[in-house]
Amino acid sequence: MEFFPVISLITFLPLIGVLFILLVRGDEETVARNARYTAIWTSSATFIVSLFLWINFDNTTADFQFVEKIEWIPGFSTSYHVGVDGISIFFVLLSAALTPICVLASWKSITKRVREYMIAFLILETMMIGTFVALDFLLFYIFFEGVLIPMFIIIGVWGGERRVYSAFKFFLYTLAGSVLLLVAILVLHYESGTTDIPELLSYNVPVEIQPWLWIAFFASFAVKMPMWPVHTWLPDAHVEAPTAGSVILAGVLLKMGGYGFLRFSLPMLPIASEQFTPLIYTLSVVAIIYTSLVALAQEDMKKLIAYSSVAHMGFVTIGIFTASQYGLQGSIFQMLSHGIISAALFLCVGVVYDRIHSRDINRYGGLVKRMPKYSAIFMLFVLGSVALPGTSGFIGEFMILIGAYKANTWVALLATTGIILGAAYMLYMYRRVIFGELLKDDLKEILDLDFRELCIFTPLIILVIWMGIWPQPFLDVMDVSVKNLLENYQLALNR
Amino acid sequence: MNLIPDLITAIPEVTIVVLTLLLLLYGAFIGNKSTGTVSWLSIIAMCLAAILVISTPAERVTAFNQLFIVDEFANYAKLLIIISAVLTIILAMPYNKRENILHFEYPILILFAVLGMMMMVSANDLISLYLGIELQSLSLYILATIRRDSVKSAEAGLKYFVLGALSSGILLYGMSMVYGFSGSTSFDNLSIVFENYSGNNSNIGVIVGLVFIMAGLAFKVSAVPFHMWTPDVYEGAPTPITAFFAIAPKVAAMILLIRILIQPFGEFFDQWQQIIWFISAASMILGAFAAINQKNIKRLMAYSSIGHMGFILVGLVAGNESGTQAVLLYLTVYLFMNIGTFACILAMRRQDRMVEDIDQLAGLSRTNPIMAICITVFMFSMAGIPPLAGFFGKYFIFKAAIEANLYTLTVLGLLASVVSAYYYLRIVKLIYFDDALDSFDLPVGKEISIITIGMSIVVVFFIFIIWPILNTTAIAAATLFAI
C-alpha cells in the first residue's frame, strides 16, 4: 500500500467516468439515464477513496503526505507533484463530498443535455481536487484556471435568463485576476529556479519584490474569494447558475481563493503579508458590513445567499491574516463549514425553485404548513449560517473572532456586527418564505421533500451538527500544519 | 567551388525542386484531370523532403559560398512548414472538388511556396533571403487568386500582390542600405563587421537599413502596423489557402526575422528591441480589440493571428535563448490550433455553399456535437486557458520575457489575452448557449474529420507531449546562439 498513487486516483477517477459517459450510445433517454448513474457512481467512488486519505492521515507531522512526484518538464524544474497536508486535505474531502450531492441534486432538475452536464461536472471535480492537491505551482495554476472551462459551460448552458452575461462576467473577471497570478508564478520561477511548492515554501523571496508578488497573488485570490470590491461577479453567477452550479461555486470555488492565501500569500510572502494586513482587514470589514446590508435588501433568495457568502468570506480573510493559531484554524474551519452550509442553503432554494420556478422571496410564504420537513431542514442551515452555537458556523466564526481580538480589537468589534446583521437578513428571509399566511394558490399544492432530497440533505445535516458539537477531529488534523506554517511565518518576520 | 557537397547539404530543397518540376511536366501533359494524382504525389514529395530534413546531420553547415545554411533551427522550421503544407493539401482536395477549382497548378504552387519558405529559413545572406521571399510570395499571390471567377478572390490576390510588392521593395531598399554601409550581404561577414562597430557612430545608415528590413519582414508576419492586408486577404482567399497563409509564411518569416536579428544584427540589440517591443505590444492589443466586432470567421481568424504574432514577437523581444525556444514552441502550438480551426471552418457548409458568418455556428453543439467540442477546444486553447496547448505557448513566451525583465510587456500581453478571450468565448457561447440552426451539410468528409479530431486530441493532450517538443526546440534555439 506504500506506493499506491491514491491522490492521482482521486484526482483522475472522475475522468474515467467521463470516458464511460462518452461511450454511451442509444436514444436520448438511455444516454441521460446512463450518464446520471455513471456520474453518481464515479463521484461516490471518488468520495469513498478520498475518505481513505483522512483515515490514513498522520496528524503528527506538518509534511506533505501521500506525495507523488513524477518528472514532467525536466529542464524547467516543473514536475507532476501532488500531496496533501493538514491544510489542504479537508478541501479535497469537501470537493469530493459535494460532487455526488450535486449530481443527485440535478437528477430531475436537469433534463436537457444530461450527458454534457455530467461530463462538465466530472471534469470540474478533477480540476477542483487537482487545485487542492497540486504541489507544483504551474500544476496548481493549470487546475485553478482549468476550473473556468466547465464552470463557464455549466452557467452558460443550464443557467437562467441572463446566463450568457453572467457566464462571461464570471470567466473574464476570474481570468483577469488569474493572469496576474501567472506573472507572479513566472517571476517566482525566475527568482528561485523552481515551481515546486515545498521548495518555494522554504525559499526566501527577496524583500523588494514581495509586495509586487503579493499584489499579483491578491488580484487572483481576491477575485476568486471574492473580496469587496471585486465580488460583483458572484451574485450574478450564483443567480444564473443551476442549483448544483451554485453549490459548487459557493462550496468549493470560493475556497480556492482562501486556500491560495493560506498556501501561497502568507507563507511565501510573509513580509508583504504583514505589510498588507491592514488592507485586508479594511476590505474584509467593509465586505462584512456592506454586503450584509446589501443582503438585507435582496428580494432574490439566491442573491441573498450569494451576498452572505461574501460576508462570510470576509471573516475568513480576517482570520487568515491575523496569522494566529486560532485565526488560521478558524478560517479553515469556517471555509469548510461555509462550504457545507451555503451549499445546503442553495440546495434548499433549489428545492422550492424546482417546484415553483421562482427565487423571489415574495413569491413564497407559509410553506411550513405544506412542507414541515423542508422547513425544519432549512431552519437548521439558516441557523448554521447565522453561527448559532451547536452548529459548525459558530465554531469557525468564534475562533476567527478570538484570533482577531488578539490582533486588532476594532476589526473584531466591527466584524462582530456582521454576525448580528447576518442573523437579521437570514431570519428575515426565512420568516417571509416559511411563515406567514399560505396565500398563493400554487403553494397550496406544493409537496414536501421526497426521498431523494432527504438523501441529499442527510449527510449535510449530520456534518453541520457534528462539526458544531465535536470539532476536535477536524481541528486535530490541521493543527500541526497550521502551527508549522505560523512558526515559519514568525521566523521570516523576525529575520 | 565544389557543387556536389553543396547540393547534398541542400538535399531536401533539391528533392522538392526536382520532384516539383517533374510534377509540373506531368500536369502540363495530362491537364486538369491529373489534379488528384499530382496532389497525392506532392504530399509524397513533401514527406520525402521531411524525412531528409530529419535525417540531415545536426551540426551547422553552410553551402553555396555561405548563401545557404542548414542547422537545427532551420530544420525545425522546415518541418513545421512541411507539416502545414501537407495538411493544407489534404484539406484542399475535397474542397477544390466541391468548389470546382480543379487546377493541377494548385499543389505545384504550394510546393513552390514551400520551397521558397525553406530557402527563407535557410538563408544566410541577404540575397538568398530575398530570393526565398520572392519565390514564396509570387506563389502565394497566385494561390490567393486561384478562384479566378470570384471577385473577392481576385481582390484579395491583387491587394496581397500590391502590398506584398511594396513590402518587398522596402525590404530590398533596406538591404541595399545595409550593403552600402557595411560592404557585405553575407550574414557571417556582417556579424564580423558589426562587432567592430561597437562605440562607433558611423552605423546610422545600417540602422536605417535595419529598420527597413524589419518593416518588410513585419509585413510578412502581418504585425501591426503592417497588418492591413491580412483580414481582406484571409477573407478573399479560398479557405484552405487561408489556412496555409495563416501558418506557413508566418513561420518562415518569423524564423527569418529571428535569425537576421539575432545573428548579424545582434550587436544592434538595443536598437531593434525597442521597435520589436512596440510592434509586439501593438499587435497583441490590436489583435485583441479589433477581433471583437468581426462577423466573418475568417476575418476573426485574421485578427486572431495578428494577436498571436504579437505574442510570438514577445519571445523575440526577450532576445535570449529561452525566448527563441518559446517562439518555436508557440509556432508549433499555433500550427496545431490553426489547422484544426480552419478544418472546422471548412466544414461550415449549407446547401453545398460555404458559410463564413460566425452567427451560423449557433447551436452547433446540438447538430454536430463532435465538431462543437473540437472548436471549443481550439477556442479555449487560443485564449490560453490551461491545460490546453495554447496555454503552454503563452507560458513559455512570457517566462522568457520575465527572464529578460520585460515586466510591462508581460502584463500588457496577458491583459490583451484576457480581452481576446472574450471573442473566443463568444464563439463557444454561440455553439453551446444559443438555439440551434439547421445542421451543416453532412457528412463533413473524412479528411476534415480526421484532421479536426486529430488536432484537438493533440491540443488537449499537449501536456503529455510537451517534453519532447521542448527538448527539440531547446536544441534548435541553442544552435542559433552557439556562435
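Helix α2(B) gives the nonpolar patch its largest share, 6 residues. The model is predicted, so local features need pLDDT of at least 70 and side-chain atom pairs count only at pLDDT 80 or more, while totals for chains, interfaces and linings use all residues. Residues are numbered from 1 along each chain as written, chains are lettered from A in the order in which they are written, and side-chain values use heavy atoms, without hydrogens and water.

**The nonpolar patch**

- At least two patch residues come from each of α2 (11-30) and α3 (35-55) of chain B, helices being DSSP runs (H or I) of at least four residues.
- L41(B) sits in α3 of chain B and is partly exposed at 36% relative accessible area (buried is under 20%, exposed over 50%, partly exposed in between, with a 1.4 Å probe and protein chains only).

**Cysteines**

- Across all chains, the search finds 0 disulfides (pairs of cysteine sulfur atoms within 2.5 Å).
- C455(A) is partly exposed at 31%, and its closest cysteine sulfur, in C348(A), is 15 Å away, too far for a bond.
- C344(B) is in no disulfide either, with the nearest cysteine sulfur, that of C374(B), at 5.8 Å.
- With a relative accessible area of 2%, C344(B) is buried.
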